[in-house]
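Thanks for coming. I will go through one structure with you, starting with a pair of strands and then moving to the cores.

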Amino acid sequence: MDDESGMVWIDQVDDWRLPLEKNPHLSPRFRARYSVVLARLQSAAAPGSQQAARIEAQICPRRAARLLVDLPILSVPAPRADSSCALRDLLRGIPDVERYLAEAPRLLQTLVPLHPSREARLLPGGAAFPQGVVALRWQADSVEARRANQRIVRDLVSSLDLPGDLRIAVQEECELVNTGPDRDPWALAPNLGTTLEDQLRGTELAPGRRAKVLEGLRVMRRAMLEVGRVWQGFAPRNMFVHDNTVILIDFEEVVDAAQRPERAAECLRWHRVFFADCLTAAEQHRLFEVDGAFPEPSDDLLLDADRFEQALLGAETVSWRQRRELLEQSAALEGRHLRPRCGHDEEFLFGHELGHFWGDFLPAETEAEIFRVLARVADPAILAACMEAFEAAMEADICRMLTKEALGENESENGAARTETLTTCLAAAGPGAMAARRMAIADWYERLVIDPGWLVDELILALESRPEGLDNKQLGGLLVGSGADRSEHEDTLRDTLRVGLDFLHRAEDGEPFLHHAEPAELLANVGGPLPVAGVEMREVLDEVEEVIAKYSISQSHPGYLAFPDSGNAVAAVAGNILSPLLNQNLIAVDRSAPVATFIEIQVIEWLRELLGYPSAPLDRLRGLKDVAGLWTTGGHLSNHIAMLVALGQAFPEARKRGLRALSTQPAVVMAGPIAHYSHSDAAFHLGLGWDSVISVEAASDFTTDPQAVANALANPPDGLTPFVVVGVAGNCRTTGLDDLRAIGEICRESGVWFHVDACHGGSLIFSEEMRERHLVGIELADSVSLDPHKGLFTPYPSSYVVFRDRGMLTHFSRHEATVLRDDCWDLGLITPFLGSRGFESLATWMLLRHLGVARLGALVDGRNALIHYLDRRIADTGLFVRLNDVDFYRLSFVLCPPAVSAGLRRLPATDRARVARLISRYTAELNAQLYTSGQVCFDEHTLADLDDRVGAGAGTGYTIMAACPGNPLLTREHLDRAVGRLLAAAYPLAHQLTADLVARGWADEGVEPGVSGPAGWNDVPR
């Protein structure tokens, strides 16, 4: 605890000790415990309540606790208190004796509370019984046995030859009180005060008197063995010294050694445990040396295991040898332990005090676990430190019990919660770690008496959150956030950033875009056993650099011409670095993403404005009902969400009752030859099925035919009802751009949702010229998906789905009223398929803030110039047939020399198909050579030749190469170098292809076009 709060708390605890010192019926330990309890309750109490409670604490701290929290105190008539009152008359005049006894204060004179089943109470006894009267609950069926056993012990001690004037006597004065026919009786007896156990632990008995008492007990013990009657309760807790008399109580069991020798032997062993922590070694030897004459059972004798033995050994029976050894281990564990440091009032920790608590308040399984671990500890210092830890847990649990009892709360089965938790820690961390953690808390003893709960909680936290071998300094090096280790973290992150930048700049060192390796080699390089111990971060970064970065593909490399996903805008990269450091969760505003939520909403509003949708300043938005889009992981998910929203709009009953509630099959209309596979996947994943896709023809320029869409909407197949049409603003094969205005007007006339997949073409909204040329009508779309990680130089992942009408996403929240409320901004309520997610929109926001629309538009225009230059250069080679006219950043082509193309058109249709397969094979081989060299990378996928440019027939499928220079840093020199390498690899293959066809008479040794890239996945037959 910090110094200021610690001093205040110490003062509060000390203030309560003063009135509690005036309570003669509390042991010192219970005064300390109640000081903690009352100080804790005081914090919320009114001043008047505090004053009344301080007065009441002198009589009954339990009632004082109730006063502090304004709970009623039972008002009952006081018992008779005159000096002539006999014990049997004490409760006369009490109308409800049971209630009175239940409300009476607990007997709190020992170090540890008596077992709850005893229901020990201390009653005021007035002048007749100045120390009060003890009330204990006796089981009704034990009364006669107790009285008989009392007589046996009385007869035994009456004839003892004791030293000096010492006497040993049984407590005679005892009255039974019955409070009802179905209740066990209460036994009332005068309070005898401090037990011999507590006196022997301290210095209360003068040495001579102590020796006399122990010698008298030795005489009594020898007499028990001589007559063959063993009193099970021969324990200092059941003995009281008054003047020169040792008074004995609790005669629940006396064993006839002749009839039950094994039980008698066990009781004699238990006596050693009872006295274990209050005698010196010499005193123990003298007291118990008389036991040597008592014959013990055979080691092999089988006995019924008690609950503790069952939990410890997992057996229903134990041998006498096992039981004897367990009792010997118990006596050692519950003996005196020298505290590891000075500072405590007592030099020793008393183990039996803990053992008594464990036995009365813990499940047998927990007690067994403590015993199992601690009984094996050989180092006395480690054992003592662990015992001190459990002492603190016991104190915390007792304070908790006192609080709950005072407040009238029912104690759960786990009454000793902290002890049980500490036991779990002991089993997990081991005694060495527990001892080390205990010894690391320097002010242990001071805190033990002012707030043991806080103390043991700190210890538990250290054990649970600090595995053995990890100290705070080591953790500071492992986890970012420790001020002392900031410079080390900066160095690590600086090294990490260097690895990433070296990767992005690998071309400057002459490295290829890829160090190609086959999957078997990659598996061998990265495969390995599960790391157990871990390694230094420098070693991890070396492995990243030497293996992971080395074999990764650089999409911003000058030789990489497969996709536009360069991901190298410095602002977007910075956003992706900052996002995990800020670690915001966009599921909610409060406690998760207070400002990040509105950054994403701002990005969506900016995108709406660029698309031509109505937009508004953020301060005019009312809440989620005005949020009209969201970030997703990619176009695949964006298209799924758009279809889900469209389905819900067309068939609102499906939102509640599911698809089975519909009388028709919802259908999706799209141009199958060019649409992205995510749309047919969405139909499947949303439960519509593959057959719900109405695939219309594409035009020869790889765009959706508007008339084909109109026909499908007017005359859909029987049983199908179109609810969405997919238009494409830049398909993934050729980046052809649909006539969005025409399709949008058809959809509007038909009342069908119009979704535009602009994951590729969405970047054109930043170029005024390109937008006017290619995206006219995009504002008619009901929804649009666009991917910054494709065309806006942003690292993966980054995609958005945007809706024309606000409030579309609120339909997918179960909390309908909440999402329509003003100032409700928790995006997690309206994000289908997404729960917790990071602050990925930061990259897009930083990109837009840094570059602005104008500079982004300039980059888009510049990139467009690159593909047109490359298109002309490839055309001039004469070795390739281009399957599309370039719209904005993608060119598809096959290896097909002029001789092959000319001869192909003269062949019959069957032979043309065979040659087409051979062209696919050589094209794929060419592409593979370039790819595995790491020098030039083109995309590869299947594509139908819709315009019959190769000559094998319109619609013939090919494995094609595709060029897509996406990095604005590319120069003419880079592209010329790529074309040069392309030609160097293509010339030999072109000659082979021509020679192959001539030699074989145009016979087929080709292969069917394969599915080798995502752009061709929609061609997979279903």
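In which sense do strand β15 and strand β16 pair, and over how many bridges? Strand β15 (residues 665-671) and strand β16 (residues 693-696) are parallel, with four bridges between them. Strands pair here if DSSP finds at least two bridges between them. Helices (H or I, at least four residues) and strands (E, at least two) are DSSP runs, numbered from the N terminus.

A word on the source. This is a predicted model, where local features need pLDDT of at least 70 and side-chain atom pairs count only at pLDDT 80 or more, while totals for chains, interfaces and linings use all residues. Residues are numbered from 1 along each chain as its sequence is written, and side-chain values use heavy atoms, leaving out hydrogens and water.

Back to the strands. A671 has V696 in β16 as its bridge partner. Between β15 and β16 the chain passes through helix α28 (residues 677-685), and this β-α-β crossover is right-handed: with the strands pointing away from the viewer, the path from the first strand over the helix to the second runs clockwise.

Now the cores. A nonpolar core is a set of buried Ala, Val, Leu, Ile, Met, Phe, Trp, Tyr and Cys residues joined through side-chain atoms within 4.5 Å. Buried means under 20% relative accessible area, exposed over 50%, partly exposed in between (1.4 Å probe, protein chains only). The largest core has 103 residues, and F880 and L926 have the most contacts inside it. Helix α37 (residues 972-999) gives the most to this core, with eleven residues. Apart from it lies another core, of 68 residues, including V13 and L448.
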